[in-house]
Amino acid sequence: MKVAVIGGGAWGTALADLLARKGEQVTLWAREAEVVDGVNQRHVNDMFLPGASLAPALRAEGDLAAAIRGAETVAPSHAVRPVMAEAARSLDRSQPLVVSASKGLDPDRLERPSCILAEVLPHGVPVAVLSGPSFAWEVFQQQPTAVVAAATDHSVAQRAQRVFSTAYFRVYSHTDVVGVELAGALKNVIALAAGILEGLGLGFNTRAALITRGLAEMTRLGVKLGAQPITFAGLAGMGDLILTATGALSRNRTLGVALGQGKTLEQALAGKPAVVEGVNTTRTAVALGERHGVELPIAREVANVLFKNKPPRQAISDLMERELKAETR
């Protein structure tokens, strides 16, 4: 199968390597010339996945149209709207499967990646989303990993499941696209908060409370937007939340640690080539909560720390001293 992975960041590179080692004919599109040259000449992506010796069969391409020409599966891993609007003009008329591997929300229109794809792709192109607890580096190392592929049409989800499944990368199918996408994005906000707690030197009690109430907050917004609550107890929800809020490889958690230690957002982001999705997602989550009348106290306080320079300890105090409520509300 010919597969085009769109986006040469860590996650796109890990997915492309996985598929190439599976035996697929894979092209990785990257906008950075140094990424293209590194993959093609030395089988490395030193910019985004340093230390990884990539599959020799993997090829990189800087021309988007050339990368996706004839592809049976196209997997955008980042920058969905501008890149896929351009890519749509070059999609094969046989309508390849498009699998979004992007975990984020459009900060301008407050939209999920699959909604954006529905707008820019030709009518009838099958779309699935791929999400779940999966650090790029550990996927590259072929550590056992389980994720979920979702599409409103279960047969489309199963197609994506078959494309990406390997002996060490297990893909489950799902039909709750709204829940899978929202969970994959919103957990980054809670991961930022978890890092802030760690940076402040707080312990396991606090982390457990945050993860539990963070999951409740994610579920509350998701259900309001049409998701199934059980999705948030699965791989895309609880699984990815636990990974991102506790794992040392989490960029969002790492940024939160720096904020908890007293750095400003600008200081914490300085010199980082990789995107920290939780920053934009925090702003988007708060806006969605306000639009739909959903209370998101944790997201609101993370936004205050990120964008209003609110002292983290004050944010925690304000959360703890809110009006007492029943747990299920």
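The following paragraphs describe the overall build of a predicted model and then some of its local features.

Residues are numbered from 1 along each chain as its sequence is written, and side-chain values rest on heavy atoms, with hydrogens and water left out. Because the model is predicted, local features need pLDDT of at least 70 and side-chain atom pairs count only at pLDDT 80 or more, whereas totals for chains, interfaces and linings use all residues.

The chain has 15 helices and eight strands, where helices (H or I, at least four residues) and strands (E, at least two) are DSSP runs numbered from the N terminus. Its C-alpha atoms fill a box of roughly 60 × 40 × 35 Å along the principal axes. The radius of gyration of the chain is 19 Å, which agrees with the value near 20 Å that a compact globule of 329 residues would have; this radius is taken over C-alpha atoms, and the globule rule is 2.2 Å times the number of residues to the power 0.38. Of the 329 residues, 55% are buried, a term that stands for under 20% relative accessible area, while exposed stands for over 50% and partly exposed for values in between (1.4 Å probe, protein chains only).

In soluble globular proteins, nonpolar side chains tend to be buried together. A nonpolar core is here a set of buried Ala, Val, Leu, Ile, Met, Phe, Trp, Tyr and Cys residues joined through side-chain atoms within 4.5 Å. The largest such core has 49 residues, and those with the most contacts inside it are L210, M218, F232, L241, L255 and V302. Two or more residues are given to this core by each of β7 (145–150), α8 (177–199), α9 (204–224), α10, α11 (251–260), α12 (265–269), α13 (277–292) and α14 (297–308), with α8 giving the most, at 14 residues. A second, separate core of 43 residues includes V3, L49, A149 and V156. Within the largest core, L241 touches K187, I190, I211, L215 and M218 when residues up to four places away in sequence are not counted.

Helix α11 is mostly covered, since eight of its ten residues are buried, namely N252, R253, L255, G256, V257, A258, L259 and G260. The cover over these buried residues includes α8, α10, α12, α13, α14 and α15 (312–320).

In helix α10 (residues 235–246), D240 is buried at 1% relative accessibility. The side chain of D240 makes a polar contact of 2.9 Å with the side chain of K103; such a contact is a pair of N or O atoms within 3.5 Å, of which, within protein, one must be able to donate a hydrogen and the other to accept it, and residues adjacent in sequence count only if both atoms are side-chain atoms. Leaving aside neighbours within four places in sequence, D240 is in contact with K103, S131, G132, P133, S134, G184, K187 and L235.

The structure holds one aromatic pair, formed by W137 and F140, which is tilted, with 5.3 Å from centre to centre and 35 degrees between the planes. W137 is partly exposed at 27% relative accessibility, whereas F140 is buried at 13%. Elsewhere, R283 lies over the face of F307, 3.9 Å from the ring centre, where a charge sits over a ring if NZ of Lys or CZ of Arg is within 6 Å of the ring centre and within 35 degrees of the ring normal.

H43, in the loop between α2 (33–42) and β3 (59–61), has a positive phi of about 60 degrees and is partly exposed at 24% relative accessibility. L110, in the loop between β5 (97–100) and α5 (113–120), likewise has a positive phi of about 60 degrees, and L110 is buried at 16% relative accessibility.

Definitions and conventions. Phe/Tyr/Trp six-rings, centres within 6.5 Å; stacked < 30°, edge-to-face > 60°. Contact = heavy atoms within 4.5 Å.
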